[in-house]
Amino acid sequence: MTTEPGEKRRPESEIDRPSAYDAWVQSEGVPVIKGYYIDDLNGVALGPWKRKGGNGAFINLVGSEGSTDAYICEIPPGKNLEPQHHLYEEMIYILSGRGATTIWNEGGTRQTFEWQEGSLFAIPINAWHQHFNGQGDKLVRYLGATNAPLVVSLFHNMDFVLKDSFVFKDRYSGEHDYFTSPGDFFSSRDRIWETNFVPDVRTAKLYDWKERGASGVNIRYELADNTMAAHISQFPEGTYKKAHRHGPGANVIIISGTGYSLIWPEGQPKMKIDWKVGSMFVPPDRWFHQHFNTGREPAKYLALRMGSRKNILGKIFRIDEDVRSGGDQIEYKGQEPEIEKMFGKELAKKGLKSRMAQFLV
Ligand SMILES: [Fe+2]
């Protein structure tokens, strides 16, 4: 091996090392859940989380691919977590329990809002926040979805990410109705609500999105002026949606029904993920994914993901347009016959029949 003039030799370990995000996650000292899916978010074992002041676990599924992450945190009965603020975006979905959150900007007035199982809200970027369990006899368990992998690896300086005091007044400046206003609805622009608090995603009003197939209904949420966004989709029993693909980091959480999803990279074998309420998975970057309802009630999921239409970051995929004309969706007529056959077999195991004939003509 030749040596260049002035060359400094450094150990290979300084080059081939974990990302700053992965190193930070390891240093937090709580369990890290990997793989493609989680069967039940309510059953995930947690560990003491000193920085948060409760119990928790990181969720780093394969499909996140350095874009978003998720974590679970539990607040003991009658207790609260430590005050925090951070330079990554965060949406919070309450898995169980009831409580309140106090929010304030550095040096600003505090306001508190209440939430319960099924609530969804976003912490304004870098705003101080503290979560309280509102019951003395029950745990609170919530799921946080963030873009920490992007932000932490970009700056790779946790003092900056967790301790910088800049106030994003353009995102939040103490508006008294920030968490109580229903927000603004854009019906002509893909069924988008701009809001900061959804009382219960399980009962939110949904709207037709016929392009995705099977009489499905949907709503999108853009919270706290983030680049991340959320949506809820529901589709009837005995049906399945069309397959489509997009970028990484869409955290899909089942909030109603039972069924399965197929996920696959183009031209490769398909992976089957069985799900029920509380299951979660993240389709990897550009993998096709298709959701099947094999239960006796409508299936519904919440997605916490990249892809705000208001604050665009990265590529916008054509998720409801035919791949044969340059889009990212496989129409029913273009799908492999095995898809329908498999669905029929899975329904038969439960004594149920497909209701897809009306959509496949
Ligand atoms: Fe998707």
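## Area between the domains

Buried area is the accessible area, taken with a 1.4 Å probe, that two parts lose on being put together, summed over both. In this predicted model, domain 1 and domain 2 bury about 2,900 Å² between them. Carbon and sulfur atoms give 65% of that area.

On the domain 1 side, Y36, M91 and L120 supply 23% of the area buried against domain 2. No other three residues of domain 1 supply more.

## Domain layout

The domain assignment places domain 1 at residues 19-163 and domain 2 at residues 184-360. Their C-alpha centres are 25 Å apart. Domain 1 brings 36 residues to the contact, and domain 2 brings 39.

## Polar contacts and salt bridges

Two salt bridges are found across the interface of the two domains.

A salt bridge also joins the side chains of R202 and E117, with an N to O distance of 3.0 Å.

## The domain 1 face

Several strands of domain 1 each supply at least two residues to the side that touches domain 2. These are β2 (37-38), β5 (69-75), β6 (90-96), β8 (111-116), β9 (120-123) and β11 (140-146). Of these contributions, the one from β8 is the greatest, at four residues.

By residue class, the side of domain 1 that touches domain 2 has 19 nonpolar, nine polar and eight charged residues.

Note on methods: Residues numbered from 1 in each chain as written. Predicted model: local features only at pLDDT ≥ 70, side-chain atom pairs only at ≥ 80, totals over all residues. Heavy atoms only, no water. Domains from an automatic or database assignment. Contact = heavy atoms within 4.5 Å. Salt bridge = Lys/Arg side-chain N within 4 Å of Asp/Glu carboxyl O. Nonpolar A, V, L, I, M, F, W, Y, C, P; charged D, E, K, R; others polar.
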